[in-house]
Amino acid sequence: MENNEGLDQKVLSNGDVYYGDFKGTLPHGKGRYTWLDQTVYEGDWELGKMTGKGKIFWPSGVRYEGDISGGYLHGHGTFTERDGSVYTGAWRMNIQHGVGRKEYGNSDMYEGMWKEGVHEGSGRYTWNSGNTYVGNWKVGKMWGRGIMKWVNGDLYNGFWLNGLRHGSGIYRFADGAYYFGTWSRGLKDGKGTYYPAGSKHPSLKKWCSGGYNDKGKNLSPHSSSLAFEESTAPKTFINRSYSEKVSMGGLLRNSGRISSRAMSLDENWSLLDPERELVSQESSSQVPEVPEERQDKMQDGSSLVYEREYMQGVLILERIRNYEELMHKTKQKNKFHGKESKKRPCMDMPLGDRSYYLKLNLQLGIRYTVGKITPVPRREVRSSDFGERARIRMYFPKKGSQFTPPHYSIDFYWKDYCPMVFRNLREMFKLDAAEYMMSICGDDGLTELSSPGKSGSIFYLSHDGRFVIKTLKKSELKVLLKMLPHYYRHVGNHENTLITKFFGLHRIKLKGGRKVRFVVMGNMFCTELRIHRRYDLKGSSLGRFTHKDKINENTTLKDLDLAYEFHMDKLLREALFKQISLDCMFLESQQIIDYSLLLGLHFRAPEQLKALLNPGNAMVNEESSSTCNGPTSQGELLIPSKGLLLVTHEPNCVSTTPGPHSRGSTLRAFSVGDKEVDLLLPGTARLRVQLGVNMPAQANHKLIQDEVDSAEIELLEVYDVVLYMGIIDILQEYNLKKKMEHAYKSLQFDPLSISAVEPKLYAKRFISFLERVFPANYEGYQ
């Protein structure tokens, strides 16, 4: 055959056949390429590559028709799978990416945004049962704000996480009753209010516009969800060019189909404004039957409402109130405690509110410096990247400048310390720069928290709860800058480190010369499970207790308040103490003292926690609790008391999305044969076990009981718990003056704490204390 331009056929040495136009020796124009396995491409070619419009047919019956570029599915096209599923929409490099619609073989349908082959962004999923979800998606799962409507008329409008209801929301029952409250990974969790059908309730329009409890934020980042089968939509991708063979194994990992237990929405729902739908449907329910989640018989009187508190789906407290009484209580609370809610819209803030300006300045500065440093090609850090001279400075006038945007704050000077170092740290911690900026600098703003300690520092929480921003003293700034080169090497060498993650170090200088220094850290308690108890442990007894009248669920307790020993799997404990020793050696080398282990507990037997809550004047309604999502009169539980199982790790069954608290590799457990493990919470979730994250244990609470003959015997209460932990407060440097102060106090009050002054002895006592908290006499959790 002659190698001229024109239509011809060529048989390749591997048996493939091309028939069509050529330009020189390369396919160019229209042509048909048949692989040896009978896969066929018909369409446009450009200098040897499939480019333009075309069709691909696989022997299995799968086919594609649409845009192709450089041998990849790229542009707009329709992909039909063997089971009859059809995707029509945008593609990027063989992956569904952009706006698209997919009709599944089982008649499910999704239309909306895709990213890297999975649902991400705004989208609508309709199950073949008629249930529908409209709202936000992330990594193929319902994530963020969204509305679910079931065919029986029930409706949920609120927040989702990882495919489950998680956060604040409204549940509207088919008969017109409402529940305003919070959920945690599929279960009611925390406080809420139930309004029977026909009773008065708060304005839904106000809630939908963000007027209910800060759009669910703090009711907490650890909020909630409903018992609903988790959904996944794995990537669909192809790996192919002119000289490569296309295989179905490389094309489709799986269908991305989502299953639903019982879910639905009207055809007229708006994808762009789901909140409006809830308000417009407020009076539309016509189904007379009582839905499955309905918890009360109707009470006489339309003004009765029920204040409730749930623990992992179990009703633990209930108080019946008159609607007007509840509204009066809410108004009084807002009147006297309004100052506690620091997160306010820009236009509502008084000009003199310094905290508001600090938050706005912080957001402006971080957006500027992260945007400036991110495009710079990544390189290894140098010695010149550390220290006070490694910085970015910028002046932010209110009217804007050549380099900065106009803003509503006051003029300020911004300094970003060691920008290249922290940029590399964020990448080392697998933190996406765009997500980092959106979390801290998004429209939702920052929430100011009260300081949990005596440092006087101001704490801010990002809108999604992932990051904590803390003000620093000048001495603490210097300690961090001095430590930073060694910290960088330590976290780089030890991916499982428990030491606080630092993401940025900044300074704001206001008019008048006042300087405010900030450090951005990962929030260890931004977790998939709700934290029920938290402890700050130093291994000391001097002043390390909390008055009982000051204890509530959000109180950070201290050493002497801890009444538990935690028994862990043998290998989990070994990994924990190996890393604690390495971290303490590092802190000792930097002459750091006074650090703590921050420990969070998630209890898996909520009915046992009633005794721990000491509910004051709240009232448990025994009659109604027997018909709720909790213990029945026969003692049945939604959550079994044995609520934890260690199972062999399966990467496809757990979320591997990095978070501010996740650290390093998956851990191995003795109880499953030295294999990597996941934590299975029956009926709730399957979680990846990492050091300091999702670690199961049994908490033993010792009791002393006097018998008739006065002999004392030891009794134990045993709880299943999930542990979260990290080492915090690492910016306190040892010096001689502090040694003398501590020694004087210790001789008066606590002779043992004199050893806490010197870094080496502090580390030794710290580890010794933790060894008593986590005793080594337990081989396997199960």
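Residues are numbered from 1 along each chain as its sequence is written, and side-chain values use heavy atoms, with hydrogens and water left out. Because the model is predicted, local features need pLDDT of at least 70 and side-chain atom pairs count only at pLDDT 80 or more, while totals for chains, interfaces and linings use all residues.

Helices (H or I, at least four residues) and strands (E, at least two) are DSSP runs, numbered from the N terminus. Two strands are said to pair if DSSP finds at least two bridges between them. Strands of a sheet pair through backbone hydrogen bonds, either parallel or antiparallel.

Strand 2 (residues 17–23) and strand 3 (residues 26–34) run antiparallel and are joined by six bridges. Tyr19 lies opposite Arg32 of strand 3. Two residues separate the strands of this hairpin, and Gly24 has a positive phi near 70 degrees. Strand 4 (residues 40–46) is paired with strand 5 (residues 49–57) in the antiparallel sense, again over six bridges, with Glu46 opposite Lys49 of strand 5. The hairpin of strand 4 and strand 5 has two residues between the strands, and Leu47 in its turn has a positive phi of about 50 degrees. Strand 5 also pairs with strand 6 (residues 63–69), in the antiparallel sense and over six bridges; Ile56 has Tyr64 of strand 6 as its bridge partner. Five residues lie between strand 5 and strand 6 in their hairpin, where Gly61 in the turn has a positive phi of about 105 degrees.

Most residues other than glycine have a negative phi, and most peptide bonds are trans. Gln38, which is not a glycine, has a positive phi of about 80 degrees. Gln38 sits in the loop between strand 3 and strand 4. With a relative accessible area of 52%, Gln38 is exposed (buried means under 20% relative accessible area, exposed over 50%, partly exposed in between, with a 1.4 Å probe and protein chains only). Val139 also has a positive phi, near 45 degrees, and belongs to the loop between strand 12 (132–138) and strand 13 (141–149). Val139 counts as partly exposed, at 34% relative accessibility.

Seven strands form an open sheet in the order 21-22-26-27-25-24-23, with antiparallel pairing. Strand 21 (391–396) and strand 23 (446–449) are its edge strands, each pairing on one side only. On average, neighbouring strands of this sheet are turned by 25 degrees against each other, direction ignored. Within the sheet, strand 24 (residues 459–462) pairs with strand 25 (residues 467–472) over three bridges, in the antiparallel sense. Tyr460 has Ile469 of strand 25 as its bridge partner.

Helix 5 (residues 354–373) packs on the sheet, and its direction makes about 50 degrees with that of strand 22 (412–417). Helix 7 (residues 433–441) packs on the sheet too, at about 65 degrees to the direction of strand 25. For these values, axes are lines fitted to C-alpha atoms, for helices over the stretch in contact, and angles run from 0 to 180 degrees between N-to-C directions.

Helix 5 and helix 7 pack with their axes 9 Å apart and at an angle of about 170 degrees. Helix 5 is therefore roughly antiparallel to helix 7 (angles under 35 degrees count as roughly parallel, over 145 as roughly antiparallel, 65 to 115 as roughly perpendicular and the rest as oblique). In the contact (heavy atoms within 4.5 Å), Gln363, Ile366, Arg367, Val370 and Gly371 of helix 5 meet Ala433, Tyr436, Met437, Ile440 and Cys441 of helix 7.

A nonpolar core is a set of buried Ala, Val, Leu, Ile, Met, Phe, Trp, Tyr and Cys residues joined through side-chain atoms within 4.5 Å. The largest core has 118 residues, and Tyr487, Phe566 and Phe774 are among those with the most contacts inside it. Helix 5 gives the most to this core, with 10 residues. Apart from this core lies another of 38 residues, including Tyr33, Trp45, Met142 and Met148.

The buried residues of helix 13 include Tyr762, Phe766 and Leu770. The buried residues of this helix pack against strand 28 (533–537), strand 30 (564–567), helix 9 (570–589) and strand 31 (596–603).
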